[in-house]
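Subject: A structure for you to look at

Hi,

Here is the structure I promised to pass on. Have a look at it first, and then read my notes below.

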Amino acid sequence: MSNHSGRASAPAVHREAIAADTARMVALVKGADLATPVPGCPGWTLADLVKHTGSVQRWFSVLLRQCVQERPQSRDVELELPDREDGYADWLTASADVAASAFTTVDADAPMWAWGADQHARFWVRRMMIETLVHRTDAEAAAGVPSVIDSALATDAVDEFLVNLPYAAFFAPKVADLRGDGETLRFHSTDTGGDWLVRLRPDGFGLEPDAADAHADATVQGTAADLLLLVYGRRDRSSDAFEVSGNEDLLTRWFANSAF
C-alpha cells in the first residue's frame, strides 16, 4: 500500500468484529476473577476493563442514535450496570446488543460530529471496533491467553490511530508536543504492506500521502497486529517483534507523546 487512504474496512466488517470480539471477551470474563489486574491498563482490574468496554459501546450508541452534529456537552449515559460483578459478563453482552441495535438506526455514511478526521457515523463504528478489539486483547493478556488479531483489521486500526492522532489533543494532551522541523517516522506492516509516514512539523504533525518510497528518519517494522499493540502502548518497540532503525531520539519523542 503506497499511502494511507482507503484503508478502512467497511462498516459491516466493523460491526461483525465488534460482535465477535465482545463475545470472545465475555467468554473470558465468565467465571474469571474480576479482580485480576490488566497489564495493558495499569491500575485496572478485569471488572474495570469490562465496565469501560461496555460503557464505550453504550455511549457511542447514544451518539449514533442521535446522529449528533456537535460535540456533546455531557457524557452522561444510562449504563444499566448490574448490582453484582458476576453480572458483568451478561451486561457486556447486552452492551454489544445495544450497539448492534443502534447500527440499524443510522446510515454509516450520514454526516455526523466526530472528534477525528472522518465526520460521518462510520467514524464511531470504526472507533468502537478498535476499542473493543484492543480491550479484548487486554482481557486475554490478563487471563494469560495469547491473542489472535486479524491482520486486515489490525492494519485498519493502525491507520485509524495515525489518521486521527493529530485531533486527539483534547484527551491526550501530550500529542500537542509532537512537533518538529520536518522529521519523518515510518511504520511498516511486514505482513499486509501497510505503510505510513508521519511528518513532524513546527505547527503539528500528520501523515504524508503517497510516501511509500520517501526517506524516513526512523522506521518501525512489524506485523500489523504487533504494530497495533505497539501504537496503543501494549508492546514496547524493544520487543523482538519489531525491526527498528534510525533516529532513536525521534522514536523516544514519538512514543512519549503519542499515548492514547
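A word on naming before we start: helices (H or I, at least four residues) and strands (E, at least two) are DSSP runs, numbered from the N terminus. This is a predicted model, in which local features need pLDDT of at least 70 and side-chain atom pairs count only at pLDDT 80 or more, while totals for chains, interfaces and linings use all residues. Residues are numbered from 1 along each chain as its sequence is written, and side-chain values use heavy atoms, with hydrogens and water left out.

Let me begin with two loop residues. Glutamate 80 sits in the loop between H2 and H3, and its phi is near 55°, a positive value in a residue other than glycine. Is glutamate 80 buried or exposed? Its relative accessible area is 52%, so it is exposed; here buried means under 20% relative accessible area, exposed over 50%, and partly exposed in between (1.4 Å probe, protein chains only). Aspartate 210, in the loop between S3 and S4, has a phi near 50°, again positive in a residue other than glycine. Aspartate 210 counts as exposed because its relative accessibility is 57%.

Next, the sheet. Five strands form an open sheet in the order S3-S2-S1-S4-S5, with mixed pairing; two strands pair if DSSP finds at least two bridges between them. At the edges are S3 (204–207) and S5 (243–246), each pairing on one side only. From one strand to the next, the twist averages 15°. (Axes are lines fitted to C-alpha atoms, for helices over the stretch in contact, and angles run from 0 to 180 degrees between N-to-C directions.) Strands S1 (residues 184–189) and S4 (residues 218–222) run parallel and are joined by five bridges. In this pair, phenylalanine 187 stands opposite valine 220 in S4.

Helix H5 (residues 151–164) lies across S1, S2 (195–201) and S3, and runs at about 10° to S2.

Now for the charges. Side chains of opposite charge can pair when their charged atoms come close. The structure holds 18 salt bridges, each being a side-chain nitrogen of Lys or Arg within 4 Å of a carboxyl oxygen of Asp or Glu. One of them joins aspartate 90 and lysine 30 (3.6 Å, N to O). Aspartate 90 lies in helix H3 (residues 88–103) and lysine 30 in the loop between H1 (11–29) and H2 (46–66), so this pair ties together parts that are 60 residues apart in sequence.

Which residue does aspartate 138 form a salt bridge with? The partner is arginine 234, with the closest N and O atoms 2.7 Å apart. Aspartate 138 is in helix H4 and arginine 234 in the loop between H6 and S5, so parts 96 residues apart in sequence are tied together. Aspartate 138 counts as buried at 1% relative accessibility, whereas arginine 234, at 27%, counts as partly exposed.

Glutamate 131 and arginine 127 also form a salt bridge, their closest N and O atoms being 3.4 Å apart. Both lie in helix H4 (residues 121–143), four residues apart, about one turn of the helix. Glutamate 131 counts as buried at 18% relative accessibility, and arginine 127 counts as buried at 2%. Finally, Asp21, Arg136 and Glu140 are linked in a network of salt bridges.

Enjoy exploring!

How values were computed:
Contact = heavy atoms within 4.5 Å.
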